[in-house]
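Work through these exercises with the structure open. Each task is followed by a solution in steps.

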Amino acid sequence: MHYTLCDLIADLTQNSAEAQAKKITVELLETDKDLTVYIRDDGKGMSPEVLQKASNPFYTDGIKHPKRKIGLGIPFLIQTASDTEGSWDIQSKEGEGTTVTARFDLTNIDTPPIGDVPLLFRQILTFPGGCEMQIIRKKNTKTSEFEYDFLRSDLLDALGGLETAGDQALLLDFLQSQEDQSGD
Amino acid sequence: MAKMSLEELRKLRGEMQGEIKRREADGKSIQIIVGMGTCGIAAGAKDTLDSFISVLKDKGIADTAIIRQTGCMGMCANEPTVEVIVPDMPKVIYGNVTAEVAKEVVEKHILGKTLLDKQILDRPSIDIINK
């Protein structure tokens, strides 16, 4: 199991980035009770047979590392959801893309902490490859309420680049400011 | 910090442009590539990445350093792994780069031009791989 839910989401988004997606959408909906996550891509997708195999930690497509026999991304999702009374689902069609849905019970003591969401978004927005990405966060709890929704292309346009440490530092400042509650 | 709009972000970026152009004239850039496979993430590579960015910013060299992420580099036992490319220095892959080690890499390798001997991972030479 990953240390935080954000780490798990980063890991699963990496799969989309490597599936030749043109657009990836990562959406996080949070209440006091649960966190629902959607990761949608229009990448190469998986056949039902491959999807079935992907839940086995001793399966990998063997493209990235020819002699490797393990792939832990999806098994970690299944393990985390099933050990903490959460739920998960993967819908995939070859040539059309994949949608991963997960719901985590935040009241379950075994659910890992959510982690730092602006850091997660910065991380996935700076993944290699130029695909479009949409990040959405909606939080509606007793203590805080906010939402934001951005496209990677708009952020790239505003910053002029996402490559340098300077760009990435500004990007984090920007994302953190979206969660500011001190009044607009 | 009050909520920033995309326009404000663009403006903030614009204010820094002069500074960046001056540095670009040097024509040499630093590259830091952090392994972000399942293994890297599990070992805390996100903290490493964050540490590099904030230390580079603190040292005032954030705009000369390119930060990239890559998948698993195949050395999962030594995650987080980081490749550091600095002009006039050998390309090096460091292992077990925690947030603290990342700070050391910036201070000693990038600024001090000295290798961190204990963190270097061996890479098989090309003649071995070809056999």
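**Exercise 1. Which residues is A:D7 in contact with, leaving aside its neighbours within four places in sequence?**

Solution. 
- This is a predicted model.
- List the partners of A:D7 beyond four places in sequence: A:H2, B:I41 and B:K46.
- Look at the side chains. A:D7 makes a polar contact with the side chain of B:K46, at 3.4 Å.
- Check the cover. The relative accessible area of A:D7 is 8%, so the residue is buried.

**Exercise 2. Is A:A169 buried or exposed? Find its contacts too.**

Solution. 
- Locate A:A169 in helix α6 of chain A, residues 165-177.
- Read the relative accessibility: 6%. Buried means under 20%, so A:A169 counts as buried.
- Set aside neighbours within four places in sequence. A:A169 is then in contact with A:R122, B:I53 and B:K57.
- Now take A:D41. From A:A169 to A:D41 the separation is 128 residues in sequence, and 27 Å in space from C-alpha to C-alpha.

**Exercise 3. How many aromatic pairs are there over all chains? Classify two of them.**

Solution. 
- The count over all chains is four aromatic pairs.
- Take A:F121 and A:Y148. Their ring centres are 6.1 Å apart and their planes stand at 80°. Planes over 60 degrees apart count as edge-to-face, so this pair is edge-to-face.
- A:F121 sits in helix α4 (residues 117-125) of chain A, and A:Y148 in strand β6 (residues 145-151) of chain A. They are 27 residues apart, and the pair links distant parts of the chain.
- Check the cover: A:F121 and A:Y148 are both buried.
- Take A:F146 and A:Y148 next. Centre to centre, this pair spans 6.1 Å, with 10° between the planes. The pair is stacked.
- A:F146 is buried, as is A:Y148.
- Join the pairs. Ring pairs connect A:F121, A:F146, A:Y148, A:F150 and A:F174 into a cluster.

**Exercise 4. How many residues has the largest nonpolar core? Then follow B:F52.**

Solution. 
- The largest nonpolar core has 77 residues.
- Pick out the residues with the most contacts inside this core. From chain A they include A:L28, A:F104 and A:F121. From chain B they include B:I32, B:F52, B:L56 and B:I110.
- Follow B:F52 beyond its neighbours within four places in sequence. Its contacts are B:I32, B:V34, B:I67, B:V82, B:V97, B:A102, B:V105 and B:V106.

**Exercise 5. Which pattern does chain B follow along the sequence? Trace the pairing of its strands.**

Solution. 
- Count the elements of chain B: five helices and four strands.
- Order them along the sequence: α-β-α-α-β-β-β-α-α.
- Start with strand β1 (residues 30-35) of chain B. β1 pairs with strand β3 (residues 82-85) of chain B in the antiparallel sense, over four bridges. Within that pairing, B:V34 has B:V82 in β3(B) as its bridge partner.
- Go on to strand β4 (residues 92-94) of chain B. β3(B) and β4(B) are also antiparallel, over three bridges. Here B:V84 is bridged to B:V92 in β4(B).
- Close the turn. β3(B) and β4(B) form a hairpin with six residues between them.
- Check the chain as a whole.
- Count the contacts in chain B with a separation of 6 or more. Residues 24 or more positions apart account for 63% of them.

Key. Residues are numbered from 1 along each chain as its sequence is written. Chains are lettered from A and ligands numbered from 1 in the order in which they are written. This is a predicted model: local features need pLDDT of at least 70, side-chain atom pairs count only at pLDDT 80 or more; totals for chains, interfaces and linings use all residues. Side-chain values use heavy atoms; hydrogens and water are left out. Rings of Phe, Tyr and Trp (its six-membered ring) pair if their centres lie within 6.5 Å; planes under 30 degrees apart count as stacked, over 60 as edge-to-face and the rest as tilted. Helices (H or I, at least four residues) and strands (E, at least two) are DSSP runs, numbered from the N terminus. Buried means under 20% relative accessible area, exposed over 50%, partly exposed in between (1.4 Å probe, protein chains only). Two strands pair if DSSP finds at least two bridges between them. Contact means heavy atoms within 4.5 Å. A nonpolar core is a set of buried Ala, Val, Leu, Ile, Met, Phe, Trp, Tyr and Cys residues joined through side-chain atoms within 4.5 Å. A polar contact is a pair of N or O atoms within 3.5 Å; within protein, one must be able to donate a hydrogen and the other to accept it, and residues adjacent in sequence count only if both atoms are side-chain atoms.
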